[in-house]
Each structure stands twice: as C-alpha cells, then as structure tokens.
Amino acid sequence: MTDFFYKASGTLTPELDMKIVLKLETWLKKSFLKKILSNTMDSEAHEKRPPILTSSKQDIAPHIANVSEMRHYLCGCCAAFNNIAITFPIQKVLFRQQLYGIKTRDAVLQLRRDGFRNLYRGILPPLMQKTTTLALMFGLYEDLSCLLRKHISTPEFATRSLAAVLAGTTEAIFTPLERVQTLLQDHKHHDKFTNTYQAFKALKCHGIREYYRGLVPVLFRNGFSNVLFFGLRGPIKEHLPTATTHSAHLVNDFICGGLLGAMLGILFFPVNVVKTRMQSQIGGEFQSFPKVFQKIWLERDRKLTNLFRGAHLNYHRSLISWGIINATYEFLLKII
C-alpha cells in the first residue's frame, strides 16, 4: 500500500509521502473497525429486542385464556336467569300439585286467590340457586372432563359420566336455596315469613342440618340427570336436521334441550315429589327417602296416576325450561 501511494504522488518527497500514507492507513483501520463494531452491536440489539406483536400476544394470552375458562360458567348462569324469569309461574302451579296432589285447575285457582302480588313470591331463592347450580353444572362438567381425561385412562363415556356426577354432587351444596324456595311457595307458611331472609332465619334455630333436609333425593336427581343430559345431548342433536343458519342452530338446540328436559322431568318426577314433601317440613324427625315415599304412596291410594299428578304440566315446563336453557347456553357460547 505504501508503494502505491508513493508512485501516485510524483511531486511529494518520500518522507512526506510516508507520513501521509501512515496516517491514511491508521484512519482507514479505525474507520473499518468502527463500522464492524457498529454493525455487530446493531445485529445483537435486534436479536435481543422482542417483537412488538409477540409481546402483545404474550400479554393478552392469559386474559383470553381466563375468559375461555370462565365462559361455560357465565353462559350457564345467564341461561338459568333467562329460564327462571320466564317459567317461574308454571313452576309454582306444578309445585302446588306435587305438594297437595291437586289438579292443575285447582292449583291455578289457588294462585289466583293468592293474587298477582304473590305470583313471583319465592323467586329469589330459585334465581340464586339455579343461576349458581347451572353455572356449576356446565362449567364444572367441562373442567372436570378435561381434568379426568388428563389423569385417568378410561373410556370417554366413563370419564364424562363421572364428571357429570361430580358436577351434580357439587350443585347439591346449594340445597338450602331449594329448601327455602319450597317453604316460600307453600301457602301454609305464608303467615310465618314473607321473604327469603325470614325463611332462612326461621330454619336457623333448628341447626345447619335443617337447611339440608331432602339432600338424598337432590343428590340422586342431580347426579343421574346430569349423566343422561350430557350423555344424550350430542346424539340427539346429531339426529336432528342439519342446521345451516344461526336461527336453525337455535331451534335445534331448543329442541334437543327441550326433549331431554321433558324426558328427565318425567323420569325423576317421583323423586321430586318426595323431595318436595321432605322439604316442606320445618323441624321434627328426619325421615328417610323410602319412608316418605311409602307415606305419599299410601296417601294417593297406591295409584301411579295420583303419584304422577302434575307430571303433564312438569313435562311441558321442562320442555320449555330446558329448551330455553340449552338454546341460550349454546347461543352465548358461540358469541363469548
């Protein structure tokens, strides 16, 4: 490089030429090293810097996961609220028939005598109970199904059945709300308390056990009805006409839920009759399920028609209720 500059500089002295060349070499070396170091540092900084989009996704991902985990509970809760608000008067007529074994017309006349003011009397306990239990029913069923599949190597049917029973058992924690609802709907107790708080207070002096009177039929009904509901819901929907629009899907979900609800309502009707009788009592002996059933059987002249009095209304109520519940749940599940 020195020779090159010396030849190119004809008019300069060798000493001056040499100084210029040395300075130029030094400057080039420094510039070259700076350039290399600058490029290296930029490259390393670029590699270390996390992409903005990835960071956003990482921040948002936990929130999306939380919403996804909770949506089954939320959809179940909203479906229950919608159902109770619409079908409570029908349920009240049915309740009177189950408790007293009277005809539909007589039960309706009783409600008319009570007046419109008392028509929705007792709605708070079922509203609290149903919104909570249906949230648990749908939410826990999905969560427990996933959990059991990860830890237990059993057939799908067995896993889902166990999840359904466990969800139904957990629902029974809220039996006191169902118990208070029974007391508020029975006109024999109208003069003892007028609201949910007073009903709870009236049971307090009898101990915690009094709140759970009728627990056995509740556990039996919840567990087995959940198994049948979740087990048959899919197959029934598969046999319905293929839905191509949102409204058609809504209709199919209503039919599927309604048919299942009506069938289960008839199947477990005697269990609910016994449960209602057990829970309408305040204080006194805790009678077993078989004993109460035998007493009712004798009171109703040992006839199935008398035992199932009110079953036709229960069929229609269940058809509407579970149609609303299933359609609302599936609809909300798609949009949340």
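Colleague: Is Cys256 buried or exposed?

Modeller: Please note at the outset that this model is predicted. Burial is judged by relative accessible area: under 20% is buried, and over 50% is exposed. Cys256 has a relative accessible area of 1%, so Cys256 is buried. Cys205, by contrast, is exposed, because its relative accessibility is 65%. Across the protein, 40% of the 336 residues count as buried.

Colleague: How many disulfides does the structure hold?

Modeller: A disulfide is a covalent bond between the sulfur atoms of two cysteines. In this structure there are 0 disulfides.

Colleague: How many helices and strands are there in the protein?

Modeller: The protein has 15 helices and 0 strands.

Colleague: Which residues touch the most other members of the largest nonpolar core?

Modeller: That core has 28 residues, and those touching the most other members are Leu134, Met137, Phe138, Phe229 and Phe230. Several helices supply at least two residues each, including H3 (52-100), H5 (124-151) and H10 (215-238). The greatest contribution, 9 residues, comes from H5. Another core lies apart from this one; it has 15 residues, including Val93, Ile102, Phe269 and Leu313.

Colleague: With which residues is Met137 in contact, leaving aside its neighbours within four places in sequence?

Modeller: Met137 is then in contact with Ala167, Glu171, Asn226, Phe229, Phe230 and Trp322. For the protein as a whole, consider the contacts with a separation of 6 or more: 76% of them join residues 24 or more positions apart.

Definitions and conventions: Residues numbered from 1 in each chain as written. Predicted model: local features only at pLDDT ≥ 70, side-chain atom pairs only at ≥ 80, totals over all residues. Heavy atoms only, no water. Disulfide = S-S within 2.5 Å. Buried < 20%, exposed > 50% of the residue type's maximum accessible area, 1.4 Å probe, protein only. Core = buried A, V, L, I, M, F, W, Y, C linked by side-chain atoms within 4.5 Å. Helix = DSSP H or I, 4+ residues; strand = E, 2+ residues; numbered from the N terminus. Contact = heavy atoms within 4.5 Å.
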